[in-house]
Amino acid sequence: MRLILASASPRRRDLLGLIGVVPDAVDPADIDETPLKAEPPAAYAARVAADKGTLVAARHPGALILSGDTVVAVGRRILPKTESEEEARACLTLLSGRRHRVFSAITLIDADGRARHRLSDNVVIFKRLEQAEIDRYIASDEWRGKAGGYAIQGRAAGLIRAIQGSHSAIMGLPLYETRLLLKAAGYPLD
């Protein structure tokens, strides 16, 4: 049973390793990730994860395809995967001293083309950030390409007061839900 990870994220590959899973191949899906008009963050994460899986499944018939998407949201506002210092600074300023949600959606498409989906809904609470803390975090360059402008598994961990939910989901792959889907599809796990 071949498992294809439809993600370019080395973090997702590392997280899979924590549960003893090594994908047979990594084949990232290049799709348009623009949110639809008025699309709620949870629905957006689920749609993008499913679309990635569907695209990659067409390239690997008969394989298991695991895809995912992680979204940082403040209310109904979806924060970007930050590409500029200005974007990252705006995200961190917005997140300072408040709670936000991180939705991590996964899709597993089995060898018969049947898709199973799971969504992990998590809360992250940042401390009130001082300007110097934001400046140091921006200087670290850790924010680049990260949803909401931070990586919980790095320096930002020291800026987070509390989380409610799954740490692995906030990192980008909800391991509990992933394990459940893999077991349901008959994938051999320890």
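Asp-110 counts as buried, at 8% relative accessibility (buried is under 20% relative accessible area, exposed over 50%, partly exposed in between, with a 1.4 Å probe and protein chains only). Its salt-bridge partner is Arg-114, with the closest N and O atoms 2.9 Å apart (a salt bridge is a side-chain nitrogen of Lys or Arg within 4 Å of a carboxyl oxygen of Asp or Glu). Arg-114 has 46% relative accessibility, so it counts as partly exposed.

The model is predicted: local features need pLDDT of at least 70, side-chain atom pairs count only at pLDDT 80 or more, and totals for chains, interfaces and linings use all residues. Residues are numbered from 1 along each chain as its sequence is written, and side-chain values use heavy atoms, with hydrogens and water left out.

**Overall fold**

- The protein chain has six helices and seven strands (DSSP runs numbered from the N terminus: helices are H or I with at least four residues, strands are E with at least two).
- Along the sequence, the pattern reads β-α-β-α-β-β-α-β-β-α-β-α-α.
- Along the principal axes, the C-alpha atoms fill a box of roughly 50 × 40 × 25 Å.
- Of the 190 residues in the protein chain, 49% are buried.
- Among contacts between residues at least 6 apart in sequence, 66% join residues at least 24 apart (contact means heavy atoms within 4.5 Å).

**Salt bridges**

- Side chains of opposite charge can pair when their charged atoms come close.
- The structure holds 13 salt bridges.
- One of them joins the side chains of Arg-47 and Glu-39, at 2.7 Å from N to O. Both residues are buried.
- Another joins Lys-52 and Asp-69, at 3.2 Å from N to O. Lys-52 lies in helix α2 (residues 41-59) and Asp-69 in strand β3, so this pair ties together parts that are 17 residues apart in sequence.
- Lys-52 counts as buried because its relative accessibility is 6%. Asp-69 is also buried, at 1%.
- Lys-52 and Asp-69 belong to a network of salt bridges that also links Glu-33 and Lys-81.

**Largest pocket**

- The volume is about 460 Å³ (the space filled by probe spheres set on grid points, which are joined across faces, edges and corners).
- A pocket is an open set of points on a 1 Å grid over the protein atoms alone, where a 1.4 Å probe fits, with protein on both sides within 12 Å along at least five of seven lines; lining residues have an atom within 4 Å of a point.
- The lining has 26 residues, and the closest to the centre are Ser-9, Arg-11, Arg-12, Lys-81 and Gly-145.
- Elements giving two or more residues to this lining are α1 (10-18), β3 (64-74) and α5 (167-171).
- By class, the lining has 13 nonpolar, six polar and seven charged residues (Ala, Val, Leu, Ile, Met, Phe, Trp, Tyr, Cys and Pro count as nonpolar, Asp, Glu, Lys and Arg as charged, and the others, Gly among them, as polar).

**Second largest pocket**

- The second largest pocket has a volume of about 170 Å³.
- Its lining has 13 residues, with Glu-33, Tyr-44, Ile-78, Leu-79 and Lys-81 nearest the centre.
- Strand β3 gives the largest share of this lining, four residues.
- The lining divides into eight nonpolar, two polar and three charged residues.
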